[in-house]
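Let's take a walk through this protein chain. Have the sequence and the 3D view open as you read.

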Amino acid sequence: MTNNNEDLFDKEKQNAPKMKIKRKDGEPTPVFKGASWAALVIGVSAYLLGLYNAAMELNEQGYYFAILVFGLYSSVSLQKAVRDKEEGIPVTNIYYGISWLALIISILLMAIGLYNAGSIVLSEKGFYGMAFVLSIFAAITVQKNVRDTQRAREVD
């Protein structure tokens, strides 16, 4: 065997520690960040692709699109308000209440719209409901990760 082959089987080189990426204390792992972003992209993409391919009128598609945007914005806003309150950052009660109200209204609008949609079969209703919930949950998680990463880097 040549010297190069011996190096491949050299136990010291195999057991050498691999370079590890250092995370700040309190920062989410890259895998969790990636999973959160993937869930957001998958949820929103599936919802929008379903709307694009739906056999419904354009005004109905606009209604469901507006609910998605409203739900995403209200969920991120609520997450920020709750987190600010938790960390002692001043949040007015009116903003906190409006954030909760906006998220509840977006969920109710989605539920009422799907319940009353006669042109959509039950399986499509379930698809839109699940894609909506996945998108909202993922938006909250992405916002949390962004905030945790920012805070961890500011502390150091």
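Start at leucine 109, which at 32% relative accessibility counts as partly exposed; that label covers values between buried, under 20% relative accessible area, and exposed, over 50%, with a 1.4 Å probe and protein chains only. Leucine 109 sits in helix α5. Helices here are DSSP runs of H or I at least four residues long, strands are E runs of at least two, and both are numbered from the N terminus.

A word on the model: it is predicted, so local features need pLDDT of at least 70 and side-chain atom pairs count only at pLDDT 80 or more, while totals for chains, interfaces and linings use all residues. Residues are numbered from 1 along each chain as its sequence is written, and side-chain values use heavy atoms, leaving out hydrogens and water.

Back to leucine 109: together with Tyr63, Phe70, Leu101 and Ile105 it makes a nonpolar surface patch of about 390 Å². The elements giving two or more residues to that patch are α4 (58-86) and α5 (93-116), and α5 gives the most, with three.

Now look at arginine 147 in helix α6, residues 122-155. Arginine 147 is buried, with a relative accessible area of 13%. Leaving aside residues up to four places away in sequence, arginine 147 touches Lys80, Arg83, Asp84, Glu87 and Ile89; a contact means heavy atoms within 4.5 Å.

Zooming out, the protein chain has six helices and zero strands. Of its 156 residues, 34% count as buried.

Definitions and conventions
Patches are made of residues with over 30% relative accessible area and no salt bridge: like charges are joined within 9 Å, nonpolar side chains (Val, Leu, Ile, Met, Phe, Trp, Tyr) within 5 Å. Accessible areas come from the Shrake-Rupley method with a 1.4 Å probe; for residues, only the protein chains shown count as cover. A salt bridge is a side-chain nitrogen of Lys or Arg within 4 Å of a carboxyl oxygen of Asp or Glu.
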